[in-house]
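Please open the structure in your viewer and follow the stops below in order. Each stop names a selection and then describes what is found there.

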Amino acid sequence: MPAETGEARRSERLLAFAAEAEPHLWGADGAAWMDRLESDHAGLQAAFSWFLRHGKGAEALQLAADLWVFQEERGHADEARSWLTKALEAPGAEPRTVTRARALYGAGILAFRRLDEDTARRSFEECLAIARERDHVHMIVRATTGMARLALRRGDTREVRRLSEEGLAVARERGEKADAVNPLHMLAAAARVEGDLGQAKAFYRENLALNRELARPDFVSAELENLGALEVLDGNISEAVPLLRESLEMAHKRGDRYLAPYGLVWLGRVAFAQREPARAAKLFSAAKAQFDATGLAMDPDEAPEYEKGLTAIRESLDDAAFSAAWSEGEKMSLDEAVAFALGPTPPRH
């Protein structure tokens with residue numbers, strides 16, 4: 001049938017396009033590739049559905065594995081999770097391939113960020129088992145640090161360190177430079193939760209330098225935000241501001257809807273420290289609206305600080321002032337919230 005043949009060709013073309021894009025999503029040109037994927041989003045959705053309808057589970061799995069990072073960053077996390085779930089269960093997707101391991105890792109990360117600990121654990125465990133069977137170092141390290149994320153959510157920092165050190169050793173002994181990124185990040189997070197801000201800063205700085213060398217703007221932005229957050233917690237507001245501003249500018253430029261809200265939160269903490277609680281409330285509200293829109297939970301080293309900050313803001317404003325500021329913030333689009341966060345602080349009266 002000509003129509004079906006045409007749809008098949010379009011789907012195969014888009015599958016190849018996604019495979020070409022995937023390695024670039026982490027790099028300096030990642031934003032441009034994500035823009036291209038966004039412009040073809042409807043076609044990619046149609047291709048995924050076509051593969052499932054026609055019993056091509058392996059192709060559906062590859063497409064889901066290649067696109068989940070794009071979907072998460074650009075505000076389509078629920079779609080990514082749905083695709084991965086369907087693809088992993090589809091006929092033809094059963095072979096224990098590296099592609100299946102990649103899809104399982106994505107499913108684990110998205111389940112973790114939706115507070116679905118059981119699904120995340122099962123996904124990371126199967127990912128790790130396949131990676132070990134295939135002796136695929138990159139996925140061994142990623143799955144191991146995925147398990148470390150779950151330990152961090154439980155508050156078991158000793159286990160976070162054990163798993164992260166294990167992953168880091170594998171990365172440094174058998175992997176490439178980029179394989180050290182996630183273990184270093186998790187070692188920093190463990191130190192942060194334990195209250196050892198000096199050690200956390202050291203790990204974040206090491207990872208920031210590594211990611212600048214690797215031209216990885218996603219992690220550069222993340223570690224700048226983390227370092228800025230620690231400076232806020234240490235009371236070093238003047239040191240925090242340039243780190244947080246650079247992080248938010250980078251995340252917004254990439255179109256990263258997952259990371260940008262964290263920048264709003266910490267610039268809100270800056271505003272509170274500068275005795276601008278209404279401005280802080282607007283930024284906290286705008287950040288909460290963005291987290292709600294993506295459906296992704298805050299990371300376990302961030303959520304408690306958000307709640308502490310929110311409590312302090314509430315206590316510094318009367319009910320009417322807090323409600324007005326909160327209402328204004330939650331109505332902001334992400335573009336508006338970022339412009340507000342990076343704009344000048346209003347003069348004090």
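Select helix α6, residues 98-113, in this predicted model. At 1.5 Å a residue, its 16 residues should span 22 Å, and the end C-alpha atoms lie 23 Å apart, which agrees. Of these 16 residues, 14 are buried, so that α6 is mostly covered.

Proceed to helix α14, residues 260-273. How far apart are its end C-alpha atoms? They are 20 Å apart, in agreement with the 20 Å that 14 residues should span at 1.5 Å a residue. This helix, too, is mostly covered, with 12 of its 14 residues buried. Among the buried residues of α14 are Y262, W266 and R269. Now display the surroundings of α14: its buried residues pack against α10 (181-193), α12 (217-233), α13 (237-254), α15 (277-294), α16 (303-316) and α18 (334-342). After α14 comes R275, with a positive phi near 65°.

Finally, select the whole protein chain, which contains 18 helices and zero strands. Its radius of gyration is 21 Å, close to the 20 Å given by the globule rule for 349 residues, so the chain is as compact as a globular protein of that length. Along the principal axes, the C-alpha atoms fill a box of roughly 75 × 45 × 35 Å. Buried residues make up 55% of the 349. Colouring by charge shows 46 positive and 58 negative charges, whose mean positions are 1 Å apart.

Methods: Residues are numbered from 1 along each chain as its sequence is written. This is a predicted model: local features need pLDDT of at least 70, side-chain atom pairs count only at pLDDT 80 or more; totals for chains, interfaces and linings use all residues. Side-chain values use heavy atoms; hydrogens and water are left out. Helices (H or I, at least four residues) and strands (E, at least two) are DSSP runs, numbered from the N terminus. The expected span of a helix is 1.5 Å times one less than its number of residues. Buried means under 20% relative accessible area, exposed over 50%, partly exposed in between (1.4 Å probe, protein chains only). Contact means heavy atoms within 4.5 Å. The radius of gyration is taken over C-alpha atoms; the globule rule is 2.2 Å times the number of residues to the power 0.38. Lys and Arg count as positive and Asp and Glu as negative; His and the chain ends are not counted. The place of a charge is taken as NZ of Lys, CZ of Arg, CG of Asp or CD of Glu.
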